[in-house]
Amino acid sequence: MSCCSCFSSQKKKPKRTNSTKRSVPQPRPASPPRQKDAQTQVHPRPAEIPKPKPPTNNHEPHVHKDATNNNNHKEDGSNNIAAQTFTFRELATATKNFRQECLIGEGGFGRVYKGKLENTNQIVAVKQLDRNGRQGNREFLVEVLMLSLLHHQNLVNLIGYCADGDQRLLVYEYMASGSLEDHLLELPPEQKPLDWFIRMKIALGAAKGLEYLHDKANPPVIYRDLKSSNILLDEEYNAKLSDFGLAKLGPVGDRTHVSSRVMGTYGYCAPEYQRTGQLTVKSDVYSFGVVLLELITGRRAIDTTRSTHEQTLVTWAQPVFKDPNRYPELADPLLDKDFPVRGLNQAVAVAAMCLQEEAGVRPLMSDVVTALSFLGGDPEAAGATYTTLATLASIPSYTAEDDCSEDDMRKPEGAVAEGMEWGSSSRPGTSRSESVCSS
């Protein structure tokens, strides 16, 4: 999917890209969203977001060199990064007035249409948020901020947004192959299933996206909504994470977690997050384990059409994890046994580690990327020693005391405050602890 050069940035570029914060995105002065029906809610509309002060004393967002592989940014002479703003009329024209023939997906957030921007002829995906759906103004703001500031080849690219009146739309690069869910779960008879190596390539791409959010973004970002329908694929099956409306800034300094109301998708949420609302990067690691298990088995995380003991994928797989000789039982029948047994065993072992009940013993995403690099054919790992699983298995439990109270829970107005905090609290060269403790 191609994308417009619509972002503004600085030479020291804040982080962030494609399918979602440092400073707040500013609408272009020439075409601000209409101001009628002024909002009185806690969360301002994008057109009303206050302009943050320029960073001082080198308190600029730390940008890892990997974040500079995207050319969709341009300097606007300020210290802000802005996604392009569109009018509702422009996006209605691009999607042929949101015709059914342009509809390419829908969910609890609303509908996604394929369109062509009139002024550039670029093909885009336009997500029109359902005003009665689960994604409100806060999630809209979070996604604009996240995707405007984080840029990586495995994150979907945000081109711009529309906030005309009560309309809320997001414009992304178009991903030609749709979502992982479209190619993995409940395939029609005429559709060819993904082969083993493409599945591992997709798993590796998703893992690299999470690794960037956890280890390269500073402060770290917890994605919180990893699932097969949120992993988009281009024509070569390169994976990109999309839908960042639920993303949260992770713990920094002495904090071991952030507290949040429990959100996400049943079947993918980490058990400790469901119990306590305490969120860490290890919550994402658990969700990744579920997705990896879906890739291995071809089964949904939750499937109520199956017998009772097979309805929850993780519960069904847990007994098999205990016996390596049974690992081949987990392989998707559609693979027709066409997979390397050693590769399957290693993929199952990685999934089992990610799905540990205790968050502290789950691996970091950087370790998962190293392990999957062998399975996904990553050329950078071609000469590496084949000892990754032994390394992962030896990871000690984190024992830092969980000292965050409910008073630390971010308030609703944090949608904008988080973006400003991101920029002001980051400093180039600042190191942060990679060890995160769960409750």
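These legends accompany close-up views of a predicted model.

**Figure 1. Overview of the protein chain.**
The predicted chain has 439 residues, and 57% of them count as buried. Its secondary structure comprises eleven helices and 14 strands. The exposed surface comes to about 19,100 Å². Carbon and sulfur atoms supply 48% of that area.

**Figure 2. The largest cavity and its lining.**
The largest cavity holds about 80 Å³ of space. Rolling a probe the size of a water molecule over the atoms shows where such empty space is left. The lining is made of 13 residues. Arg224, Asp225, Tyr268, Cys269 and Ser287 lie nearest the centre of the cavity. Sorted by class, the lining has six nonpolar, four polar and three charged residues. Helix α6, residues 281–297, gives the most to this lining, with three residues.

Arg224 lies in the loop between β9 and β10. Its phi is positive, about 75°, although Arg224 is not a glycine. Most residues other than glycine have a negative phi. Arg224 has a relative accessible area of 9%. It counts as buried because that value is under 20%. Arg224 is also among the residues nearest the centre of the largest cavity.

Tyr273 lies in helix α5, residues 271–276. This tyrosine is buried, with a relative accessible area of 2%. Tyr273 and Arg224 are 49 residues apart along the chain. Their C-alpha atoms are separated by 10.0 Å.

Ser228 sits in the loop between β9 (221–222) and β10 (231–233). Its relative accessible area is 2%, so Ser228 is buried.

**Figure 3. Ser179, a contact of Ser228.**
Ser179 is found in the loop between β8 (169–173) and α3 (180–184). At 8% relative accessibility, this serine counts as buried. Beyond four places in sequence, Ser179 touches Ser228, Ser229, Ile231, Leu232 and Leu233. Ser179 and Ala239 are 60 residues apart in sequence. From C-alpha to C-alpha, they are 8.8 Å apart in space.

Most peptide bonds are trans. The bond that joins Asn218 and Pro219 is cis, with omega about 5°. Pro219 is in the loop between α4 (196–216) and β9. Tyr237 is placed in the loop between β10 and β11 (239–241). Tyr237 has a positive phi of about 65° although it is not a glycine. The residue is partly exposed, with a relative accessible area of 23%.

Helix α2 runs over residues 137–149 and has 13 residues. From its first C-alpha to its last, α2 reaches 18 Å, close to the 18 Å expected at 1.5 Å a residue. In α2, 13 of 13 residues are buried. Helix α8 spans residues 341–354 and has 14 residues. Its reach between first and last C-alpha is 20 Å, close to the expected 20 Å. Eleven of the 14 residues of α8 are buried. Among them are Gly343, Leu344, Gln346, Met353 and Cys354. The run from Ala347 to Ala352 is buried too, namely Ala347, Val348, Ala349, Val350, Ala351 and Ala352.

**Figure 4. Ser366 in helix α9.**
Ser366 lies in helix α9, residues 365–375. Its relative accessibility is 19%. Ser366 counts as buried because the cut-off is under 20%. Not counting residues up to four places away in sequence, Ser366 touches Glu211 and Asp215.

Technical notes:
Residues are numbered from 1 along each chain as its sequence is written. This is a predicted model: local features need pLDDT of at least 70, side-chain atom pairs count only at pLDDT 80 or more; totals for chains, interfaces and linings use all residues. Side-chain values use heavy atoms; hydrogens and water are left out. On a 1 Å grid over the protein atoms alone, a cavity is a set of points where a 1.4 Å probe fits but cannot get out, and a pocket is an open set with protein on both sides within 12 Å along at least five of seven lines; lining residues have an atom within 4 Å of a point. Grid points are joined across faces, edges and corners, and a volume is the space filled by probe spheres set on the points. Helices (H or I, at least four residues) and strands (E, at least two) are DSSP runs, numbered from the N terminus. Ala, Val, Leu, Ile, Met, Phe, Trp, Tyr, Cys and Pro count as nonpolar, Asp, Glu, Lys and Arg as charged, and the others, Gly among them, as polar. Buried means under 20% relative accessible area, exposed over 50%, partly exposed in between (1.4 Å probe, protein chains only). The expected span of a helix is 1.5 Å times one less than its number of residues. Accessible areas come from the Shrake-Rupley method with a 1.4 Å probe; for residues, only the protein chains shown count as cover. Contact means heavy atoms within 4.5 Å.
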